[in-house]
Amino acid sequence: MACATSFECVNVIATESLSKRFPRVTALDRLTMDIGPGVTGLVGANGAGKSTLIKILLGLSPASEGRAAVLGLDVADPASGPAIRERVGYMPEHDCLPPDVSATEFVVHMARMSGLPPTAARERTADTLRHVGLYEERYRPIGGYSTGMKQRVKLAQALVHDPQLVFLDEPTNGLDPVGRDDMLGLIRRVHTDFGISVLVTSHLLGELERTCDHVVVIDGGKLLRSSSTSDFTQSTATLAIEVTDTDAHPDGTRALRDAFAERGIETHTGGELPGAGHTVLVTAQGDETYDMVRDVVADLGLGLVRMEQRRHHIAEVFRPADGQREQQLAAVAAQQTGGPSDAR
Amino acid sequence: MPAENMPAENMSAEPASTRHTPAQDTPAQPTPAQPTPAQPTLTQRPPAQPMAAQSTPADRASTRIHNIGYRHYDGPRLGRAYARRSLFAQSLRGAYGLGRSAKSKVLPMLLFVVMCVPALIIVAVAVATKAHSLPLDYTRYAILLQAVIGLYVAAQAPQAVSRDLRFKSIPLYFSRPIERVDYVVAKFAAMTSALFILTAAPLIVLYVGSLLAKLDFGEQTKGFAQGLVSVALLSLLFAGIGLVVSAVTPRRGFGIAAVIAVLTISYGAVSTVQAIAHVRDGASAVPWLGLFSPITLIDGVQTAFLGATSSFPGADGPSTGQGVVYLLVVLALIVGSYGLLMRRYRKVGL
C-alpha cells in the first residue's frame, strides 16, 4: 500500500485533533500527536484519557471527532478494524485471566483467536512464554500464579501473534519494586530484541524514563507534552560503574578512579546514595565512553560488576503543580537546552 | 547495525561469569540492565538478535549461553472466520468438559450417559421381544427427559459465557480480529450444537435399534426425521434462553439457579396450571397455557406439525392455528435471545 501522506505512513500511531466526548465528560480533547517506532510512554493521572485513547486506537470505540491512524490504517474505517487488531497486541490493565486453565492452554487459545493456525499457535505460545520468563509453571492453572507471573501471562497473550505494536495498559500495576523492574526490562526488550513497538501507559512518570524512547503526557484528555526521553535526560546522562577488587588492586574502585584520572577523564562519587563508595560515575559522551570504560577496566584486570546509565528522573521535570505546570515545563525545557555545559 | 552492537557485547562477555547463570531466560541480550547505546530507530523492524553471542571468542565453557532469540512469525494469519470457528470448536468441546479439568468432564458426560441409557434399554427390549413398534415416539423422548436437558443447560450455559465475563477475558477477544457478532454467533452455535448432540444421540440409538429389530423402515425414518427437527428446534431455544440468562450475571452459581428456574420450574408450573385448567373447565385454556414454558412450547410445535402426541393433560395439544402461534413464539424467542446477547456484549466490550 502506497502512503500518500506522513499521516498514513511514517508513524506507528498518528492522531489529528482526536476527541472523545461522553455525555458528561470529555475524555479526549483535540489530541494531536505522532508516535514513531520504539517504546513510547503514555503518562497521565487516572482518568486522563489513556484507556479511552487505546480503545479508539484499537478501533473499538468511535472518536467523536478527529482521526487516528495505527500502522498506517485509519481506525475509523470499519474494514481496517480487524486488520489493525491482527497486527496489534493489547494487554489490559485489569485482571483478565481465567484461573482454572494453564497459561499454555490460555495463550494457545488467544493465539488462535488472533488467527494463528493450531500448530503455529502452540509453537508461538511456547516461545512467547519462555521469552516473558515462564517455564515449568506454565502447565499449572493460572489461579496459583503470583501477580508478577500473571502480568507475564497477560504480556505473553499480547505478544503471541507477533504483532507490530503492543498497547500495554499499566503493566506494572500491583507489582513489587523488583517485579516492576523486571517488567520494565521486559518491555524494553519487547522493542530491542523483538522489534515490536510499544505504547505503555502509566501514571508514574519515573518508571517510564528508563524504558521509553519517547514520552507523551496527557492530562484531562489534552496533550501536555510529547518529547523524546533523551531530550530531558541526555544532557545529564552519567554512567555508574562498579568493579570488583583483585589481588593486584585491593581497592578496585580507587584504582579505576586513578586510571580515569590518568586519561584526563573526570569522575564523580555516587554522592550520599547507599553503596556510593563503590560506584564511579562518569559522564557518558556516546559510544566512545563505553569502549573506554571497557578498555580501562580490562587493562586493570578488574571484574566489571555493573555499568548502567543513571539519569535525572523525568518525574522531576513534570512534577510542578497543576496551575503552573505548563509554564514550568517551558522553563525546564529552556534550561535543558541551555544546560549541558553546566551539567558537565 | 551489528557493528554498533559490538561494544556492548564485548564488554559484557568478560564479566559474564558474574552476571549470567545458565538458566537465565534470554542470555541473548548480554546485560538486561544496560541500555544499548543507540537504539535503532528505523521504520522497518530491527532484526531479532542474531546468534552472535555464541560465536564471541570470550564465550567460555563456564558460561554457556543459549541464544534462542526472538523469532518473528511469518506464517499465515487466518483471520476472523477462522477465529470464529476456533472459538466455536473450543466452546463446543468445553461444553463436554474436553480440554478442561477432569472434574468438569464429570457432569456433562454423566448427563450424556443418562440421556442415552433409556434409549438403549428401549432398544434392547424391542430387539429381545421382537416388538412391532418402539414403545415411544422419537418426538416424545426429549420431553420425557426434559429434566436432564434442563440440568445440562443449567450446568453448561453459565460455563460457556459467564467465565469470560467473570474473569474479564472479553476485552482480550475484542482486541483481536474477531468481533462481537463473531463471539455471540460462535457461543450460540456451540451451545446449540452441544444440546443437539445431547438430544439427538439417543434418537440415533433408537433409530439404529429399530432397524436392528427390523421394524418398518419408512415409518421409523419418518419418525426419526421428525424427532431430529424437534430436538434441533429445542436445542436452539434452550441454548438461546440458557445463554441469555447466564450472560446476565458473571456469577456462575446464580446462572445455574436462574437457568433451572426458567427451564424446569416454569415447566412444572405450567404443567400444574394446565392440569388444574383441564379439570376445572375442560380443554379450551390448556393449549394457550403451554406458551409459557420452553418445553411445552416445543411440545406444542411438534404436536401441531411433527405428528407428535402431546403430553399436555388429556393429550390436548394445540390445533394447527394455535401451532402457528407456538412456532412464531419459539422463533421470536430464538431471535430475541440472539438480540439480547448482542446487546449484552456491546456494554462489556472493553
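Reply: A residue is called buried here if 20 or more other C-beta atoms lie within 10 Å of its own, exposed if 12 or fewer do, and partly exposed in between. By that criterion, 44% of the 344 residues of chain A count as buried. The structure is a predicted model, and the mean pLDDT of chain A is 81, with 82% of its residues at 70 or more.

Chain A contains 14 helices and 14 strands. Its division is into domain 1, residues 6–233, and domain 2, residues 238–310. The centres of these two domains of chain A, taken over C-alpha atoms, are separated by 37 Å. Of the contacts in chain A with a separation of 6 or more, 70% are between residues 24 or more positions apart.

The sheet itself is in chain A. It is open and consists of 4 strands in the order β2-β1-β4-β5, with antiparallel pairing. The edges are taken by β2 (26–35) and β5 (73–74) of chain A; each has a single partner strand, so one side of each has no neighbour in the sheet. Strand β1 of chain A, residues 13–21, pairs with strand β4 of chain A, residues 65–70, in the antiparallel sense over 5 bridges. For A:A14, the bridge partner in β4(A) is A:A69. Helix α2 of chain A, residues 50–57, packs on the sheet and touches β1, β2 and β4 of chain A. The direction of this helix makes about 115° with that of β1(A).

The loop between β3 (39–43) and α2 of chain A holds A:G47. This residue has 14 C-beta neighbours inside 10 Å and therefore counts as partly exposed. The C-alpha atoms of A:G47 and A:K20 are 13 Å apart, and the two residues are 27 residues apart along the chain.

A:L57 links this region to the nonpolar packing. Leaving out residues up to four places away in sequence, A:L57 touches A:I13, A:A68, A:V70, A:V75 and A:F167. A:L57 is also one of the residues that touch the most other members of the largest nonpolar core, which has 154 residues; the others are A:V70, A:V107, A:V166, B:M191 and B:L243. Helix α9 of chain B, residues 180–212, gives the most to this core, with 14 residues. Another core lies apart from it, with 13 residues, including A:I241, A:V280, A:V296 and A:M307. In soluble globular proteins, nonpolar side chains tend to be buried together.

Chain B has 14 helices and 0 strands. Buried residues make up 42% of its 350 residues. Within chain B, residues 24 or more positions apart account for 74% of the contacts with a separation of 6 or more.

B:V208 counts as partly exposed because it has 14 C-beta neighbours inside 10 Å. Between the C-alpha atoms of B:V208 and B:A83 there are 36 Å, with the two residues 125 residues apart along the chain.

The loop between α9 and α10 (217–248) of chain B contains B:K214. Its phi is positive, about 55°, although B:K214 is not a glycine. B:K214 has 10 C-beta neighbours inside 10 Å and so counts as exposed. B:K130 is also not a glycine and has a positive phi, of about 50°. The position of B:K130 is in the loop between α5 (102–129) and α6 (138–144) of chain B. With 9 C-beta neighbours inside 10 Å, B:K130 counts as exposed. Most residues other than glycine have a negative phi.

Two stretches of chain A call for caution in reading the model. Over residues 1–9 of chain A, pLDDT stays under 50, and the model has 9 contacts beyond four places in sequence for them. Over residues 313–317 of chain A, pLDDT also stays under 50, and there the model has 12 contacts beyond four places in sequence.

Methods: Residues numbered from 1 in each chain as written. Chains lettered and ligands numbered in written order. Predicted model: local features only at pLDDT ≥ 70, side-chain atom pairs only at ≥ 80, totals over all residues. Core = buried A, V, L, I, M, F, W, Y, C linked by C-beta atoms within 7 Å. Helix = DSSP H or I, 4+ residues; strand = E, 2+ residues; numbered from the N terminus. Contact = placed C-beta atoms within 7 Å. Pairing = 2+ DSSP bridges. Axes fitted to C-alpha atoms, helices over the stretch in contact; angles between N-to-C directions. pLDDT = per-residue confidence, 0-100. Domains from an automatic or database assignment.
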